[in-house]
Amino acid sequence: MTLLHVMSDTDRNDVRLSTHDRAAIAEHLRPHDITLSTWRAVPLPGEPSEVDIITRYEQPARQLTREAGYEVVDVVSLRPGSDAETRKRAAEARAKFLAEHSHDEDEVRFFAHGFGCFYLHLDDRVHAVVCGPGDLLAVPAGIPHWFDMGENPNFSAIRFFRTAGGWVGNFTGDDIASRMPSLDELLDIP
Ligand SMILES: [Fe+2]
């Protein structure tokens with residue numbers, strides 16, 4: 001499931017576009033130099049390890065790093081908390097990424113397992129892009145955005161960087177995420 005949900009940045013109920021059509025989503029994002037592409041999803045074990053993911057997607061990951069010049073590749077994984085401590089850590093991780101920020105380099109993520117939502121703040125609109133297995137999203141440097149992994153985070157994504165410090169965020173201080181629908185709300189859109 002992939003979703004693009006475009007809203008006014010002052011009113012989440014002022015919805016300008018909402019579509020699950022991957023081709024339409026890619027077309028809509030292209031003028032902003034944001035790339036949504038698809039890799040053929042490979043079956044994974046129920047609880048895939050980082051090695052499972054890197055091994056299964058080694059070929060397209062190598063091709064992308066070669067073509068685009070990425071130097072650093074890693075896997076980020078979060079699983080639903082089975083105890084209070086794990087749930088607390090997940091809530092802390094979620095809160096950190098909900099703060100609007102930008103980066104000095106592109107943010108490039110491939111979703112191998114589960115779902116996450118990137119909210120791209122473009123002019124006076126918020127483009128919420130829910131990514132699922134097989135989705136590769138590349139957001140250019142400088143675009144203000146945030147990320148919601150949901151109340152019960154359950155995803156694995158491959159991250160691509162040009163430099164080791166490329167993930168450092170420049171935070172805007174805007175709490176806009178609190179006024180926009182969460183990943184869990186967006187996943188409920190039929
Ligand atoms: Fe980011």
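**Salt bridges, a sheet and a pocket**

Mentor: Start with arginine 159 and aspartate 74, whose side chains meet in a salt bridge, 2.8 Å from N to O. Arginine 159 sits in strand β11 and aspartate 74 in strand β4, so the pair ties together parts that are 85 residues apart in sequence. Keep in mind that this is a predicted model, where local features need pLDDT of at least 70, side-chain atom pairs count only at pLDDT 80 or more, and totals for chains, interfaces and linings use all residues. Residues are numbered from 1 along each chain as its sequence is written, and side-chain values use heavy atoms, with hydrogens and water left out.

Trainee: What counts as a salt bridge?
Mentor: Side chains of opposite charge can pair when their charged atoms come close. The rule here asks for a side-chain nitrogen of Lys or Arg within 4 Å of a carboxyl oxygen of Asp or Glu. By that rule the count comes to 16 salt bridges. Asp174, Asp175 and Arg179 are linked in a network of them.

Trainee: Is arginine 159 buried or exposed?
Mentor: Buried means under 20% relative accessible area, exposed over 50%, and partly exposed in between (1.4 Å probe, protein chains only). Arginine 159 is buried at 19%, while aspartate 74 counts as partly exposed at 25%.

Trainee: How do β4 and β11 pair?
Mentor: Strands of a sheet pair through backbone hydrogen bonds, either parallel or antiparallel. Strands here are DSSP runs of E, at least two residues, and helices are runs of H or I, at least four, numbered from the N terminus; two strands pair if DSSP finds at least two bridges between them. β4 and β11 pair in the antiparallel sense over seven bridges.

Trainee: What is the strand order in the open sheet?
Mentor: The five strands run β3-β9-β6-β11-β4, with antiparallel pairing. β3 (35-38) and β4 stand at the edges with a single partner strand each, so one side of each is left without a neighbour in the sheet.

Trainee: Which elements supply the lining of the largest pocket?
Mentor: β4 (72-78), α4 (84-97), β6 (107-114) and β11 (155-161) each supply at least two lining residues.
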